[in-house]
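Please go through the model below and describe its local architecture.

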Amino acid sequence: IIVNTEVYRGKLLYPVGSAVREGDLIVSGIIEDSYGKITHNNADAKIIAEFYEAADFSMPLVTEETVKTGKTTEEKYVRLFSIFLSDRQVNPQENYIYDTEIHNVKLFGLDMPWKICVVKGYETTQKTVERTMNDVKKLLLQQADEYERNFYSHYEIVKSEKTFSFENNTV
């Protein structure tokens, strides 16, 4: 809903109180003067609109999660284009998650077509994690903040309400 407009140049197509969608043309640069002459100009305006959106996040107090045990592995390989060159078979192990770092190789300041790949593996296990109500609330607030950063960073959030409910061992 448009709540305020300041048109510096152009013609306002939707008055205050109108419902519009993101991407709608609100101010047009096409202007017809009193003689019927049509000119094309750049429109310039400040439009303030408000909208309401709700998002729900939930988390049980008790969850089964994958956690790192502390045991790690590291393998180094040479990659030529998309081919991995190794003196042994690459076999991912069960219950491990992997991160890969790729390092460029330079010779006399020139990038070579091969790269050094470092694959780090972290052993994981399934663990039952029990959290307090306050811990779950903190995690949910972090999720909500991240959601706002990801989806609304180009908006000014005027009002944000966060409420909690508890049902079936889930916040």
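Where is Phe108 found? Phe108 sits in the loop between β9 and β10. This is a predicted model. In it, phi of Phe108 is near 55 degrees, a positive value in a residue other than glycine. Phe108 counts as exposed because its relative accessible area is 81%, and the cut-off for exposed is over 50%.

**The sheet**

Next, the individual pairings. β7 and β10 run antiparallel and are joined by 16 bridges. Strand β7 (residues 62-80) also pairs with β8, again in the antiparallel sense, over three bridges. The table lists bridge partners of residues in β7.

| Residue | Partner | Partner strand |
|---|---|---|
| Arg79 | Lys115 | β10 |
| Leu80 | Ile83 | β8 |

β7 and β8 form a hairpin with two residues between the strands. In this hairpin, Phe81 takes a positive phi near 60 degrees.

Tyr77 lies in strand β7. Is Tyr77 buried or exposed? Its relative accessibility is 9%, so Tyr77 counts as buried; the limit is under 20%. Tyr77 and Ile102 are 25 residues apart in sequence. In space, their C-alpha atoms are 9.6 Å apart.

Thr124 belongs to strand β10 (residues 110-130). With a relative accessible area of 10%, Thr124 is buried too. Which residues does Thr124 touch, not counting those up to four places away in sequence? They are Thr66, Val67, Lys68, Thr69, Asn95, Tyr96 and Ile97.

**The helix**

Now to helix α1. It covers residues 133-152, 20 residues in all.

Val136, Leu140, Ala144 and Tyr152 are the buried residues named in α1. They cover an arc of only 95 degrees around the axis, which puts them on the same side of α1. The other side of α1 carries exposed residues: Asn134, Lys138, Gln142, Arg149 and Asn150.

**The nonpolar core**

Which residues make up the largest nonpolar core? There are five: Met59, Leu61, Val136, Leu140 and Val171. Among them, Val136 lies in helix α1. Its relative accessibility is 0%, so Val136 counts as buried. Leaving aside neighbours within four places in sequence, Val136 is in contact with Met59, Pro60, Leu61, Arg131 and Val171. Val136 and Ser58 are 78 residues apart along the chain. Their C-alpha atoms are separated by 8.8 Å.

Met59 is another member of this core. What does Met59 touch, not counting residues up to four places away in sequence? Its contacts are Arg131, Val136, Leu139, Leu140, Gln143, Thr170 and Val171.

**After the helix**

Asn168 is placed in the segment after α1. Its phi is positive, about 55 degrees, although Asn168 is not a glycine. Asn168 is exposed, with a relative accessible area of 69%.

**In brief**

Phe108 and Asn168 are exposed, and phi is positive in Phe108 and in Asn168.

Methods. Residues are numbered from 1 along each chain as its sequence is written. This is a predicted model: local features need pLDDT of at least 70, side-chain atom pairs count only at pLDDT 80 or more; totals for chains, interfaces and linings use all residues. Side-chain values use heavy atoms; hydrogens and water are left out. Helices (H or I, at least four residues) and strands (E, at least two) are DSSP runs, numbered from the N terminus. The expected span of a helix is 1.5 Å times one less than its number of residues. Buried means under 20% relative accessible area, exposed over 50%, partly exposed in between (1.4 Å probe, protein chains only). The arc is that of the directions from the helix axis to the C-beta atoms. Contact means heavy atoms within 4.5 Å. Two strands pair if DSSP finds at least two bridges between them. A nonpolar core is a set of buried Ala, Val, Leu, Ile, Met, Phe, Trp, Tyr and Cys residues joined through side-chain atoms within 4.5 Å.
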